[in-house]
Amino acid sequence: MSTLKAVRGTRDLLPPETALWNRIEAKAHSVFARYNFGEIRTPIFEDTSLFARSVGEETDIVSKEMYTWEDRARAASEKPQSLTLRPENTAGVVRAYIEHKLGETGQLQKLYYIGPQFRRERPQKGRYRQFSQIGAEIIGPPSAGSESPLRDAEVLEMLATLLDELGITGWKLEINSVGSSADRARYNETLRKALEPVAPRMCIDCQRRAVTNPLRVLDCKVPEDQPIIDALPKIADSLDEDSKEHFAAVTAALDAAGVPYTRNDRLVRGLDYYTRTTFEFTHGGLGAQNALLGGGRYDGLSEALGGPRAPGIGFAMGEDRLVLTLQAQEAATGEKADAYIAPMADAKDAEKLKAINAAALALARELRRAGLRVELGEGSFRLKKSFDAADKTARRIVILGEDELQSGILTVKDFSTGVQIKVPRAELAGVLVAPSGQ
Ligand code: HAM
């Protein structure tokens, strides 16, 4: 019988990697709380038309990548319905905003989410068919300030803080403005005309995009097409005065807050709902799939879905990519337990062995309750076996033999320096919490 495996593009997450996922999520919850966001959880599947009307029929996501099925009716009162596993979460959030009439509160809604998304993409490093996003949206009536460039800057500043606090070093913020929907339509036409004479020399995808959705040509990564794309008209020249002013205000606020960025006038993003500000944070260590996160404004989305006017801005981080980045960084530093407790007894003396194992469990409990990450050894191990096990899993080893138990003074060895010291039990947690080497 053939063995069953996880479906292509999906993965099991196992320890110790899951600890990193939990750490990232805990940090996200705490940073979002500090910026006064509340959590929203929307269903994992939605009516297919939600994505067609928001992300856009012509996008790769909707035209090629969605997991869609005809859901059978279970009763005469039900109709068959086309359903789709969500490929992203902004559409679901805006649907919920409309459905629950959140706009009637007159307040800005600041909502975040953490959860799986599904796209039938070609799997590669950092690109999966089931992946997880950590995202947030600020949406509300214009009277609540939802259109203000300050919102854009606040979101970008929050992201810089979150990435810094996660310990991700070397990220880059790229921003652009795609203007109002009228600006975008005008630019699309300008591009269409500019592409007519050159498209036949471009890749097959660009030849198609030049006709169906010229803006998407700017996403092309084929090296031979780059000089042609660089010579195309720039979106900055199609922006109206309001959009230009908005963008200038966003960049001025970023300058004032000290958030570094570069302008990338090809950043049009792969979803149709964007207006004005678009952005991505990238990381060089990720390879081809280098976007840690992406986002932007979607001032017309609520109305496109039949809702009230409700401009918004948001982003989604690829959690899988955050994990990859941190794993690569931590491979250098190594993430280990604070201490390995090595109970030491004469393995032939069953009573003593039992007693020392019990004492080691009590000590581990004490240290874990003090917030330390502790690995508990086994009293029947010889000293060398304990040291080998400890060296692999922890920064320090704590030896607990009969002498130590009686005197209350423990032997602690720091693996990074090789230094061994005696520590009274009451001071142990304080010593172990310090970074190794001190
Ligand atoms: P997106 O650029 O399609 O935007 O996705 C955001 C992030 O999700 C990407 O930058 C990437 O890190 C991650 N991601 C996307 N596809 C995959 C995949 N197949 N495997 C792993 N990670 C992936 C959105 O989804 C918008 N909803 C963001 C947004 C929120 N805009 C406004 N509000």
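A polar backbone atom of F315 lies 3.2 Å from a nitrogen atom of the ligand, a polar contact in the sense of a pair of N or O atoms within 3.5 Å. Taken alone, the ligand exposes 660 Å², and 96% of that is buried by the protein; accessible areas come from the Shrake-Rupley method with a 1.4 Å probe. The model is predicted, so that local features need pLDDT of at least 70 and side-chain atom pairs count only at pLDDT 80 or more, while totals for chains, interfaces and linings use all residues. Residues are numbered from 1 along each chain as its sequence is written, and side-chain values use heavy atoms, with hydrogens and water left out.

An N or O atom in the side chain of Y274 is 2.6 Å from a nitrogen atom of the ligand, and a polar side-chain atom of R119 is 2.9 Å from an oxygen atom of the ligand.

The shell around the ligand holds 27 residues, of which E88, E121, Y128, R269 and Y274 come nearest; a residue is near if one of its heavy atoms lies within 4 Å. By type, the shell divides into 12 nonpolar, 8 polar and 7 charged residues. Strand 10 (291-297) is one of the elements that give two or more residues to the shell, and its share of 6 residues is the largest.

The protein has 15 helices and 16 strands, taken as DSSP runs of at least four residues (H or I) and at least two (E) respectively. Of its 438 residues, 47% are buried, that is, under 20% relative accessible area.

Terms used. Polar contact = N/O pair within 3.5 Å; in protein donor to acceptor, adjacent residues only side chain to side chain. Nonpolar A, V, L, I, M, F, W, Y, C, P; charged D, E, K, R; others polar. Buried < 20%, exposed > 50% of the residue type's maximum accessible area, 1.4 Å probe, protein only.
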